Amino acid sequence: MGKPIKLGEEEACLLGTSSLNFPCPPSTPPIVPAAVYACESTDQAESLLGGQQPGYVYQRDGHPNADWLAEKCRRLHGADAAIMTASGMAALSSVLLAHVQSGDHMVISNQLYGRSTMVFGSEAKRLGIHVSEVDITDLSAVEAALSSQPRLLLTETISNPLTRIANLPALANLAQKQSTLLVVDNTFATPLGCRPLELGADLVVESVSKLMNGHGDLMLGLIAGKQSAWNRIPQTVAAWGFASSPFDCWLAERGLATLGLRVPRACENAQTVAEFLMNHPAVDEVIYPGLAQHPDHLLAQEWMLAEREHPDHVRFGHILSFHLHGDAKTVDRLIQATQTLEFCPSLGEVRTTLSHPASTSHRSMLETEREKLGIRSGTVRLSLGIESADWLVEQLRIALDSLDLKADQR
Ligand SMILES: *Cc1c(COP(=O)(O)O)cnc(C)c1O
């Protein structure tokens with residue numbers, strides 16, 4: 001049984017914004033696209049720029065749309081502080097640049113989002129940072145990797161595309177013993193699926209471009225964290241130019257307003273579709289944390305959030321993967337056969353999308369490395385949307401039934 005989501009957690013997405021000084025407050029937030037703000041006096045300018053007084057001077061240093069959105073995200077995560085960035089990668093880069101420097105060591109999960117592996121792997125090495133990769137599902141390997149007291153341990157709550165679940169309380173415990181910061185990329189879970197700060201993480205990063213916004217029409221990132229890990233974050237975001245755009249923040253507030261409806265719906269759809277796929281002859285294996293045979297099913301039951309009224313309805317996530325009998329050619333035929341489900345190498349939209357890790361997110365890996373992780377050429381990832389479950393199952397049934405499996409063996 002999961003931790004039930006608390007009263008008010010979903011409603012926090014809906015809160016109005018403490019608006020600017022309007023005689024009658026507008027019922028939706030305005031967009032404030034100003035690049036620069038006027039100052040009343042030299043004293044005020046000095047104290048605004050020095051950060052002694054709240055307010056705005058220059059959009060790259062902060063703007064109302066980012067602050068309104070960040071405040072909602074801060075509450076959703078139960079964080080001490082939160083800040084918006086231009087993208088999920090800008091959020092991750094800010095954390096790297098704020099906390100790690102040349103000569104430092106850090107440990108990263110060996111199953112990170114492709115661009116994260118690039119930034120925290122080869123790019124960090126170029127900056128003189130020592131990086132080791134670890135299988136975060138192997139706690140003794142993590143303990144050994146942390147013995148050198150690295151600055152930072154980076155993991156994802158739910159890995160892509162094999163949906164391995166990080167044991168965050170155990171990782172937090174190991175990290176704390178070595179004074180290592182635990183940084184968690186919570187993009188797949190969102191704060192309505194998991195709240196890593198409550199489980200011991202120091203910083204949470206999310207790509208708001210995905211399920212948080214949910215409509216696939218903007219790029220944004222979020223950093224939320226504990227005060228003890230916050231010190232250099234805002235200045236890094238501002239100075240390195242990782243700041244968010246007012247229009248994207250404004251749009252994301254609208255997306256966030258329906259998060260409390262979209263997350264449960266997408267998770268239920270994923271469960272229904274996973275159970276359907278398990279019984280289809282064209283499918284070899286289904287990988288979804290909501291299935292009893294998933295290696296992290298019990299862990300997910302313990303740490304993922306659940307419906308407030310139904311604590312046994314755990315939010316196992318909106319992402320599932322399955323291995324087709326066949327290879328990339330079979331996946332291509334599936335793509336041709338699914339007229340209604342688009343092949344997009346992204347996720348977290350209101351409509352269900354399909355991706356093929358071997359030719360997209362994991363294309364730069366050697367096939368043998370991919371297979372060692374458990375990603376085959378016939379592996380398909382689905383990001384479930386909010387369509388009706390019956391319709392989704394029907395679309396997939398039509399497409400899968402049309403695959404002539406014998407064609408691959410000829
Ligand atoms: C998409 C994604 C990112 C990067 O976010 P962008 O907003 O695309 O820069 C990072 N981590 C995960 C898990 C993602 O899915």
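The face of helix H4 turned away from its buried side carries the exposed residues Lys125 and Arg126; exposed denotes over 50% relative accessible area, buried under 20%, and partly exposed the range in between, with a 1.4 Å probe and protein chains only. The structure is a predicted model, in which local features need pLDDT of at least 70 and side-chain atom pairs count only at pLDDT 80 or more, whereas totals for chains, interfaces and linings use all residues. Residues are numbered from 1 along each chain as its sequence is written, and side-chain values use heavy atoms, leaving out hydrogens and water.

The buried residues of H4 are Ser116, Val119, Phe120, Gly121 and Ala124. They cover an arc of only 165 degrees around the axis, which puts them on the same side of H4; the arc is that of the directions from the helix axis to the C-beta atoms. Helix H3 (88-99), S3, S4, S5 and S6 are included in what covers these buried residues of H4. Helices (H or I, at least four residues) and strands (E, at least two) are DSSP runs, numbered from the N terminus. The end C-alpha atoms of H4 are 17 Å apart, which agrees with the 18 Å that its 13 residues should span at 1.5 Å a residue, the expected span being 1.5 Å times one less than the number of residues. After H4 comes Gly128, whose phi is positive, near 85 degrees.

Seven strands form an open sheet with mixed pairing, in the order S2-S8-S7-S6-S5-S3-S4; two strands pair if DSSP finds at least two bridges between them. Strands S2 (81-85) and S4 (130-134) stand at the edges with a single partner strand each, so one side of each is left without a neighbour in the sheet. Within the sheet, S3 (residues 105-109) and S5 (residues 152-156) pair in the parallel sense over three bridges, and Val107 stands opposite Leu153 in S5. Helix H4 (residues 114-126) lies across S3, S4, S5 and strand S6 (181-185), at about 145 degrees to S4. Contact means heavy atoms within 4.5 Å, and angles run from 0 to 180 degrees between the N-to-C directions of axes fitted to C-alpha atoms, for helices over the stretch in contact.

A disulfide is a covalent bond between the sulfur atoms of two cysteines. With a disulfide taken as a pair of cysteine sulfur atoms within 2.5 Å, the count comes to zero. The sulfur of Cys13 is 8.3 Å from the closest cysteine sulfur, in Cys73, too far for a bond. Cys13 counts as buried at 0% relative accessibility, and Cys73 counts as buried at 1%.
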